[in-house]
Amino acid sequence: MRILDNMTLRMSWTLVLLSFLLMLLVLSGTGLYAVNHSQQSIEQLTNVNVNQQASLNRTNSTLQATRLSMARLYEELIEPQTTLTNEERQQRATELHSSLNSAQDVFSNFLSLPANAAHEAIISPIVTSFDTMLDVHLLPQVTALYEGDTVTYREQRDAAYQAYAAFYQDAIGFFHQVEKEGNNRLNNFDSVISLSTITIITVFIIALMVTVIVYWGVGANLIRPLHRITEHFKSMAEGDLSREVETRGRNEIGVLFTSLRHMQQSLLGTVMTVRESSSEVFTSAKEIAKGNQDLSARTERQSASLTETASSIEEMTSTMERNSENTIQARQVAREAANTADQGGSVVMEVISHMHNIRESSQKITDIIKLIDSIAFQTNILALNASVEAARAGEHGRGFAVVASEVRQLATRSASASTDIRKLIETSANMVETGTHQADKAGETMARIMTSVTQVTTLMDEISVATEEQRAGIREVNIAANDMEQTTQQNAAMVEQASTAAIELQHEAERLNSIVARFKLNESTPQLTTQAINAH
């Protein structure tokens, strides 16, 4: 257990992986060995037990069939009642020769197949006996049969049989050796299979044991410690700091337990410090809240007084502003009256000038009318004289008399009109004279009005200047009062905020006390707190 506690997770999992890798290598090596051995055994079995043995069997079968055919042909040749012709005999002998060639081809195929080096000693007598049998005995017998020489065939028959028997014995020896090697190879293959099976079962059992050990180690070294760490965290989250954190080895889990223990000690110190500080903060907050409430009440009363003062000053300011505005308007009206009076004086002077000009023009018109009246009188006299002269002339002066009569009528109407105009002009002259006297009086009155308006304008300017100075002074007082009111209101707002903050601070201190009070500490808390504070 101590070894697991001091062994790091990386080392432990590295050992687990190396164990599984070693078992995988053993399984892979065993499987590769079994596959390679099986492949080699199958190749040897195929090359020797199948191909070579089959080729040698076919060679032997072909030789036996050919020898039987040769014996049948010989028996047919030695029978007295034979009906075999020469052509048939030669054809059958040729077929026997072809069979021997086929047997030689099959035997050549047997020799061309890959063979073990250990079989050289067995194959060499087979080759010798086959060549002796074929070249020395069988081919000469076939040639004798082709030629119909039964004597030579009969003489070679025993020797050919012995040569075939020697070949057959050599082949049987090869077959037995190959069969023995095949049985040995099969037994070896069975042992390899058994070894592979035992190895796989052993590795599987070891893997199960390693799995059980790893499962137990993970549970003992990782899962259960993590559960305990989780329980510690849950206890801390619930405020229980009294549970003692165990001490483990030097691996990652041990480092995690050590860090958890340090965190618990630090949290204990923090909670104790917060408890002491929260009590002091709560007491100070209550005092601050009480003082701020008193200060807020006094500041509100002062702010109300300043508000009333500012309101009164503001009313005085508005009154002075209205008086100043009225004074400015009166000054403007006086100036406008002065300007109007100046304009009226100018107009009156122009009227007086025009009246004098009209009076002079009336006098000139009167003189002109008198002249016209005189001309009309003289014209009337001349017309009268012309009428007299026309009367004297008689018929010749009748037209001139008519003209003179018309001229006299015109002169009479002119004189009448001149008389009427003179009367009107005289009336107008009298009225103009009266208007001229009135205009002179109006000019004198306008001059006095202009003097009075100038004096009123001067007085209104002095009043306006004094009013403007008073308004400026009251405006400054009003500004100062407004500043004082704003400052007082700001102070009141700040006091209100401070009071609210103090109350909130009091509530927070109460909540902090209630929160900190839920932490459960053990008996060694003061020592742990001192150690945590010293560590920080």
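**Exercise 1. Find which residues touch the most other members of the largest nonpolar core, then trace the elements behind it.**

Solution. Start with the core, a set of buried (under 20% relative accessible area, 1.4 Å probe, protein chains only) Ala, Val, Leu, Ile, Met, Phe, Trp, Tyr and Cys residues joined through side-chain atoms within 4.5 Å. Among its 32 residues, those touching the most other members are Leu-56, Leu-63, Met-133, Leu-138, Leu-145, Phe-167 and Phe-174. Next, the elements: H2, H3, helix H4 (120-147) and helix H5 (150-237) each give two or more residues to this core. Helices here are DSSP runs (H or I, at least four residues), numbered from the N terminus. Finally, a second, separate core has six residues, including Val-16, Met-23, Val-210 and Val-214.

A word on the model: it is predicted, so local features need pLDDT of at least 70 and side-chain atom pairs pLDDT 80 or more, while totals for chains, interfaces and linings use all residues. Residues are numbered from 1 along each chain as its sequence is written, and side-chain values use heavy atoms, without hydrogens and water.

**Exercise 2. List the contacts of Phe-167, leaving aside neighbours within four places in sequence.**

Solution. Take contact as heavy atoms within 4.5 Å.

**Exercise 3. Is Asn-101 buried or partly exposed?**

Solution. First locate Asn-101 in helix H3 (residues 86-112). Its relative accessibility is 30%, so Asn-101 counts as partly exposed. Then look across to Leu-139: 38 residues apart along the chain, the two C-alpha atoms are separated by 9.6 Å.

Note on methods
Buried < 20%, exposed > 50% of the residue type's maximum accessible area, 1.4 Å probe, protein only.
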